[in-house]
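I opened this notebook to keep track of what I looked up. The entries follow the order in which I went through the model.

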Amino acid sequence: MISLRNVSKAYPRSGDALREVSFRLGKGEFAFLTGPSGAGKSTVLELIHFQTRPTDGEVRVSRYHSKRIRRRDIPALRRRVGFVFQDFKLLERLTAAENVAFALEVIGTPRREIAGRVQRLLSQVGLAARARSRPSELSGGERQRVAVARALATEPRILLADEPTGNLDPDAAGGVFELFRMLNRLGTAVLMATHDADFVRRHAEIRRLELEDGRLVRDSAA
Amino acid sequence: MRALREALAGFRRTPLLCALSIGAIGLSLVILGLFGLVAHNIGGAIGDVERRVEVVGYLLDDAASEQVRAARRELEALPAVESVRYVSKDEALERARRDLVEFSNVYGELLVNPLPASFHLRLREGFRTPEAVSETASLLAAYPFIEEARFGDEWVERLFALRSAATGIALALGGGFALVAMLLIVTTVRMAILARGEEIEIMQIVGAREGYIQRPFLLEGAVTGLVGGLLALGVTRLAFVVFPARFAAIESLAWLPHLWTAAGVATAAALGLLAAAFSVHREVGRAYGPS
Ligand SMILES: Nc1ncnc2c1ncn2[C@@H]1O[C@H](COP(=O)(O)OP(=O)(O)OP(=O)(O)O)[C@@H](O)[C@H]1O
Ligand SMILES: [Mg+2]
């Protein structure tokens, strides 16, 4: 489903962010992406989401190849790969429901289907009751759930999360993590970047990809 | 519909900048429009004169009639020549007596006819430019029995020069303001994009198509241009109505051809679109591109 083959990424000024990274993530798998700050975790996620391209090597996501993908195919790829950020990236002037509706609208969902789907998505993340609240009226954990509901709007097969619990207290973080596990059990592959060592230790059963200085230094599945 | 609604929201967000853009593009087109009016009307005057332009060659008295007949056939065959009229010495004298009444006595007493015979060449449309005229004149002058070839009056050339100058100034000034207008639109659209930066980022992340994201901004540029163009048309029309009334000397000024006005307004819209496309390309074009 996702494969990186000898992927290197160099930035003009800061040099090599990734060096010869290779791994695969199968359908419905769950994996942590760990490593110290600056190790290249975000870069890996951005490459899989085609927000950036490798300097060398190849990234494949379902039937898309970084070397062959056409510009106009990228939106379709992104609809298959949901993305969740540490800082949520919700629109402050919109309610929870409107934030989710926004995603549905901009990918061309028929107007009459939107309200129903928003309600289902919010229920799925356990936030049906807060549909009319604005982000400023929600807790961090609730905000991240709205962001997850929005990421699920395109019915992605893969969910990428970049430190999704980084801004949350342990309780809220645990809740969001359980949400990911639930979605994973329903068939969505999840790749979650985190430097919450506690978390990773407590879930030793989950595959762990560890980066250090741009290199993949450990893959617990290998 | 959505794109148009959002383009209009852009106008509400930065009304001053939008007004400046519209004003600048309007001004550039008013300049073009006014000079266009001048050029068009000079063009009309030139057309009138042009039809009467003749190249005249005066024959030496001892020209052999064989040669003259042959030359006439050759001249008639020239691509630039519409017709060749031969005026004999007698006809010339006849005409001089008729046209210049005050001299009729003088001419009446003459024993020898001092006036030469002449060829009068009319040129075809498309060959009535100063260059073609003088070229035909020099062809005519090359015949050994032609004493002298003359053409048009100097003021035909002056009219041409005036029209070229008017066109040149209009293009330079109008072009200058059009450039300013485009820079303003580039900035306006850039502001609109920055104001919606968060939304654009989310659209790109969830997989909205590029066209969907860009359309409102492109439309904003095109609408700015279009409004500026229509404004310019209105102002030019107003000037056209008011101006001759003030300066009664100018009579029967002709309004611009519809093709010109339509092209002007369309150009304004196109420039707006182009400026917006430049901004859009720079500000949101990277999200799906390589690197
Ligand atoms: N857009 C960019 N331009 C230049 N350099 C970049 C860019 N993005 C990342 N880098 C560099 O690449 C390296 C890896 O960055 P990355 O953001 O992937 O690390 P990270 O593991 O996500 O770190 P953190 O835990 O702090 O988020 C860093 O040295 C960073 O400075
Ligand atoms: Mg990071």
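**Entry 1: the two domains of chain B.** I began with distance: the centres of domain 1 of chain B and domain 2 of chain B, taken over C-alpha atoms, are separated by 53 Å. Domain 1 covers 2–48 + 163–287 and domain 2 covers 54–150; such bounds come from an automatic or database domain assignment.

I noted the ground rules before going on. This is a predicted model, in which local features need pLDDT of at least 70 and side-chain atom pairs count only at pLDDT 80 or more, while totals for chains, interfaces and linings use all residues. Residues are numbered from 1 along each chain as its sequence is written, chains are lettered from A and ligands numbered from 1 in the order in which they are written, and side-chain values use heavy atoms, with hydrogens and water left out.

**Entry 2: chain B as a whole.** I looked up the elements and found 10 helices and four strands in chain B. Here helices (H or I, at least four residues) and strands (E, at least two) are DSSP runs, numbered from the N terminus. Read from the N terminus, their order is α-α-β-α-β-α-α-β-α-β-α-α-α-α. Of the 291 residues in chain B, 42% are buried. I use buried for under 20% relative accessible area, exposed for over 50% and partly exposed for in between, with a 1.4 Å probe and protein chains only. I also checked contacts, meaning heavy atoms within 4.5 Å. Among those in chain B between residues at least 6 apart in sequence, 84% join residues at least 24 apart.

**Entry 3: helix α3 of chain B.** Residues 65–77 of chain B form helix α3, which has 13 residues and reaches 19 Å from its first C-alpha to its last, close to the 18 Å expected at 1.5 Å a residue. The expected span is 1.5 Å times one less than the number of residues. Which residues of α3(B) are buried? They are Val68(B), Ala71(B) and Leu75(B). These cover an arc of only 65° around the axis, so they lie on the same side of α3(B); the arc is that of the directions from the helix axis to the C-beta atoms. An α-helix has 3.6 residues a turn, so residues three or four places apart point the same way. On the other side of α3(B), I found Glu66(B), Arg73(B) and Ala77(B) exposed. The buried residues of α3(B) pack against β1 (54–59), β2 (81–87), β3 (118–123) and α6 (130–141) of chain B.

**Entry 4: strand β3 of chain B.** Five of the six residues of β3(B) are buried, so I wrote the strand down as mostly covered. Five bridges join β3(B) to β1(B), and the two run antiparallel. Two strands pair if DSSP finds at least two bridges between them. Tyr58(B) has Ser118(B) in β3(B) as its bridge partner. β2(B) and β3(B) are also antiparallel, joined by six bridges, and Tyr86(B) stands opposite Phe119(B) in β3(B).

**Entry 5: two buried residues of chain B.** Ala92(B) sits in helix α4 (residues 89–99) of chain B and counts as buried at 16% relative accessibility. Ala92(B) touches Val87(B), Leu115(B) and Pro116(B), not counting residues up to four places away in sequence. I compared its place with Arg190(B): Ala92(B) and Arg190(B) are 98 residues apart in sequence and 74 Å apart in space, C-alpha to C-alpha. Ser21(B) is in helix α2 (residues 15–52) of chain B, and its relative accessible area is 0%. With residues up to four places away left out, Ser21(B) touches Ala181(B), Leu184(B), Ile185(B), Thr188(B) and Thr224(B).

**Entry 6: a sheet in chain A.** In what order do the six strands of the open sheet run? The order is β6-β7-β8-β3-β9-β10 (chain A), with mixed pairing. β6 (81–84) and β10 (215–219) of chain A are the edge strands, each pairing on one side only. Four bridges join strand β9 (residues 207–212) of chain A to β10(A), and these run antiparallel. Glu210(A) stands opposite Arg218(A) in β10(A).

Entry 7: Helix α3 (residues 96–106) of chain A has eight of its 11 residues buried, so it is largely enclosed by the rest of the structure. Among them are Asn99(A), Phe102(A) and Leu104(A). Gly108(A) follows α3(A) and has a positive phi, near 85°. Lys89(A), in the loop between β6 and α3 of chain A, also has a positive phi, near 55°, and is a residue other than glycine. Lys89(A) is partly exposed, with a relative accessible area of 23%.
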